Amino acid sequence: MFNKFFARRGNYEGTFFIIGMNKETYEFEVGILENKKIVPLGSFSKGVKAEERAALIQILTKHKTTSKGSHVSVQPGICIYLSFKGIKNDKLISASFLSFQLKKDWEECTVGNLLLLNKDMNDEVHITNPNKPLWNEPYLNKDYYISYLFHMSPNILPFLKDRLLTVIRYPHGVNGESFYQKSCPEYAPSFIKTKKSEDIHYILCNDTSSLIWLGNQLAIEYHIPFETIKTNYPIEIIFDLDPPSRDYFPLAVYAAKEMKILFDKFQIKSFPKLSGGKGLQIHIPVMDSPFTYEETRHFTEFIAKYLVEKFPEKFTIERMKKKRGKKLYIDYVQHWHGKTIISPYSLRARDKPTVAAPLYWSEVDEKLDPNDFTLFTMQDRIKKGCPFLEENYFDTYNENLEDLIHTLKNKTKRLGYK
């Protein structure tokens, strides 16, 4: 998960542990921990003084676990500090020895700590207890989760920027107790920015340092309002398509496709996203719009009721779960001032580390499976780009909504409703 950060040549440094050597070439092999697994990262020979080399050879020969020809393997234990120019094909480029790290535990030589050292981060950001398990099956530890946040920060931060953030923290992993956190804790470092609203000092997560600090606090889920601190008007409209269980996920796909037909007819640009749970969410950006929440409610209610009237056997707007039966709930009420929605690219604390992943409309079909979109698959996925950011999500106004909302608003007035 860390290779892309070191793909460009530069001046990097990091702590690694020795896992072997070649007795003929005097090359020492090094590794790093990634999600509890030892990842070999090539070798170094430069920068080692003659007496240091002799001492290393003696120690490694004495403590070898296997030996084949000139190659010797050892268990991790000796930590060293290296400079390097990059990482290519899982090998350090131009690695050079700088010093021994005799007080360092080899289990501290993690991907997360390597990224933290080489990113432009606030000095108050640290990774504590990096090997704490968050998920047991599949195994996922805290360090690997923080590495995910590093990797996804260019994608997730645009959606968190200037929003009053609510997180769900899991201090003992997803199988332990959790709690919602809205107010910034008193022990937060000085660089964390906040915004007061209704006597709550909300955290603003506008940069990587803030994101990594929250990750170290084991904030797993990131929930955001529909507006930013710069406006009282929504910057996006979101429908939550909530089937009764994961077994009924095809209902969410069916509803999303029907919505797409409607939105295309009205020339409204829409963006589908997995909820990370059992359903889908449809985003409609309305950046810099003049719409109040009361006005957008005319639109969301119209769409939801139209679909329920057209497919009464499949969809419902009944808020009481016990009355929904096996129908999909089209939640348009959630879109309101003060309410929140899961942020794109946030993890969800489910049986697997699934992600609230933005989708291409072409992916919304019978083959779509939320289990395919986890922390482990996101790295390869975003190599293709972000479906939202590619289509200029934050520059989309959806001006055709203005006439439609005006028409619906007038129709409501004629019928005598407020």
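Which residues does Asn216 touch, not counting residues up to four places away in sequence? The tour begins there.

This is a predicted model, in which local features need pLDDT of at least 70, side-chain atom pairs count only at pLDDT 80 or more, and totals for chains, interfaces and linings use all residues. Residues are numbered from 1 along each chain as its sequence is written, and side-chain values use heavy atoms, with hydrogens and water left out.

**First stop: Asn216.** Select Asn216 in helix H4 (residues 208-216); helices are DSSP runs of H or I with at least four residues, numbered from the N terminus. Beyond its sequence neighbours up to four places away, Asn216 touches His126, Ile127, Thr128, Lys142 and Ile146, where contact means heavy atoms within 4.5 Å. The side chain of Asn216 also reaches the backbone oxygen of His126 at 3.2 Å. Asn216 counts as buried because its relative accessibility is 10%, and buried means under 20% relative accessible area with a 1.4 Å probe, protein chains only.

**Second stop: H2 and H3.** Select helix H2 (residues 111-118) and helix H3 (residues 142-160), whose axes come within 8 Å and cross at roughly 40°. Axes are lines fitted to C-alpha atoms over the stretch in contact, and angles run from 0 to 180 degrees between N-to-C directions. Val111, Gly112, Asn113, Leu115 and Leu116 in H2 meet Asp143, Ser147 and Phe150 in H3.

Terms used: Helix = DSSP H or I, 4+ residues; strand = E, 2+ residues; numbered from the N terminus. Buried < 20%, exposed > 50% of the residue type's maximum accessible area, 1.4 Å probe, protein only. Polar contact = N/O pair within 3.5 Å; in protein donor to acceptor, adjacent residues only side chain to side chain.
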